[in-house]
Each structure stands twice: as C-alpha cells, then as structure tokens.
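Colleague: Please walk me through this model. I would like to hear what stands behind each word you use.

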Amino acid sequence: MLEIITFDLWNTIIQNKSYKNVRVKILQDFLTQKGLAINLNDIERTYEETFHRFNYNSELNQHRHIYNRKRLENFFKSYNLDISSLEIKKLTKTFEGYMLNDPPTLKEGAHEVLYHLSKTYKIGLISDTGVTP
C-alpha cells in the first residue's frame, strides 16, 4: 500500500528564482572593501563561470550540485585571492540569507496538491540543489 509520496522541490513545488544580481552586488561590495576595483560586468561573468562550471561537468561531479561555500571558493580562486574561511563562511551565510528573507514562490497548484495528498499520505520533499540553505 502506498504510504508516502515524494516530490522534487525545485521547479516542481517551488519556482526557480535567481538571486544572481543581489549576489553579484554582494561580491562587488566585498571586493571593493578589499581594495579591489573590479568591473561589475567582469564580476558577473566570473560569477556565472564559477557558479555554473560544474553543471556542465555533471559526470565528473556525479550529478551533485555544488554548495555555495565551494562556489565562493571557486570564484575567489579565479581571481587568485586568498580569502579566509571565516570570510567565506560569512559570505555564504549572506548569500543564503537572501533566499530565506525573499523565498521563491510555490508553483501554481502546488499548495492544493500537497494539502489534499497530505490528508492521506506522508509527503517527502527532495532537494539536491547546493543553493538551498
């Protein structure tokens, strides 16, 4: 007998939402505080390259998403910057905090489906995304 139904979280239950612009601005502000004047377009390009690098090599990373901490490390490595673990930890918390303060919306109909199914079944949500805090 069926007792549990699982759903993928991203783009099934909730809409995909980009936090790229705010994260690029956070990186620009951080680099400026470090005394580095890097063009916003260059930061955005590097962000895109380092934050999505492993999506194209999913066989190499066994289809796992890369956590924000590692993505930030990759970003700073591309500029040959030695950033402390504490600074990476603070930036990671800031990146993820924006998602918690401005969460993505539910997909149309998701609330109703979950509500009705939860009366009969246990519901499981699965997320393998490294950007989920």
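Colleague: Why is Phe95 called buried?

Modeller: Because its relative accessible area is 0%, and buried means under 20%, with exposed over 50% and partly exposed in between (1.4 Å probe, protein chains only). The value of 0% is under that limit, so Phe95 is buried. Do keep in mind that this is a predicted model, where local features need pLDDT of at least 70, side-chain atom pairs count only at pLDDT 80 or more, and totals for chains, interfaces and linings use all residues. Residues are numbered from 1 along each chain as its sequence is written, and side-chain values use heavy atoms, leaving out hydrogens and water.

Colleague: Where does Phe95 sit, and in which helix?

Modeller: Phe95 belongs to helix α4; helices (H or I, at least four residues) and strands (E, at least two) are DSSP runs, numbered from the N terminus. The chain has 5 helices and 2 strands, in the order β-α-α-α-α-α-β from the N terminus on.

Colleague: Which residues is Phe95 in contact with?

Modeller: Setting aside neighbours within four places in sequence, Phe95 is in contact with Arg23, Ile26, Leu27, Tyr47, Phe51, Asn68 and Leu72, where contact means heavy atoms within 4.5 Å. Phe95 and Arg69 are 26 residues apart in sequence, with their C-alpha atoms 9.6 Å apart. For the chain, residues 24 or more positions apart make up 73% of the contacts with a separation of 6 or more.

Colleague: What makes a nonpolar core, and which residues have the most contacts inside the largest one?

Modeller: A nonpolar core is a set of buried Ala, Val, Leu, Ile, Met, Phe, Trp, Tyr and Cys residues joined through side-chain atoms within 4.5 Å. The largest has 17 residues, and Leu27, Ile43, Tyr47, Leu72, Phe75, Phe76 and Phe95 have the most contacts inside it. Two or more residues come from each of α1 (20–33), α2 (40–52), α3 (68–78) and α4 (85–101). The largest share, 5 residues, is given by α1. As for Ile43, it touches Val24, Leu27, Gln28, Leu31, Ile38, Phe75 and Tyr79, not counting residues up to four places away in sequence. Apart from this core lies another, of 10 residues, including Leu9, Trp10, Tyr19 and Leu114.

Colleague: Why does Leu9 count as buried?

Modeller: Its relative accessibility is 17%, which is under the limit, so Leu9 counts as buried. Leu9 is in the loop between β1 and α1. Its C-alpha atom is 5.6 Å from that of Ile126, 117 residues away along the chain. Leu9 also touches Ile14, Leu125 and Ser127 as well as Ile126, not counting residues up to four places away.

Colleague: How do you know that the span of α1 agrees with what it should be?

Modeller: The expected span is 1.5 Å times one less than the number of residues. With 14 residues, α1 should span 20 Å, and its end C-alpha atoms are 20 Å apart, so the two agree. Its buried residues include Lys20 and Arg23. Just after α1, Gly35 takes a positive phi of about 85°.

Colleague: What makes Gln28 buried?

Modeller: Gln28, in helix α1, has a relative accessible area of 18%, and therefore counts as buried. Leaving aside neighbours within four places, Gln28 is in contact with Ile38, Leu40 and Ile43.

Colleague: Why is Asn80 called exposed, while Asn11 is called partly exposed?

Modeller: Asn80 has a relative accessible area of 71%, so it passes the limit for exposed. Asn11 is at 41%, which means it falls in between. Asn80 is in the loop between α3 and α4, and Asn11 in the loop between β1 (4–8) and α1. Neither is a glycine, yet phi is positive in both: near 55° for Asn80 and about 65° for Asn11.

Colleague: Which residues line the second largest pocket?

Modeller: Ile26, Asp29, Phe30, Gln33, Glu87, Lys90, Leu91 and Thr94 line it. On a 1 Å grid over the protein atoms alone, a pocket is an open set of points where a 1.4 Å probe fits, with protein on both sides within 12 Å along at least five of seven lines, and lining residues have an atom within 4 Å of a point. Both α1 and α4 give two or more residues to this lining.
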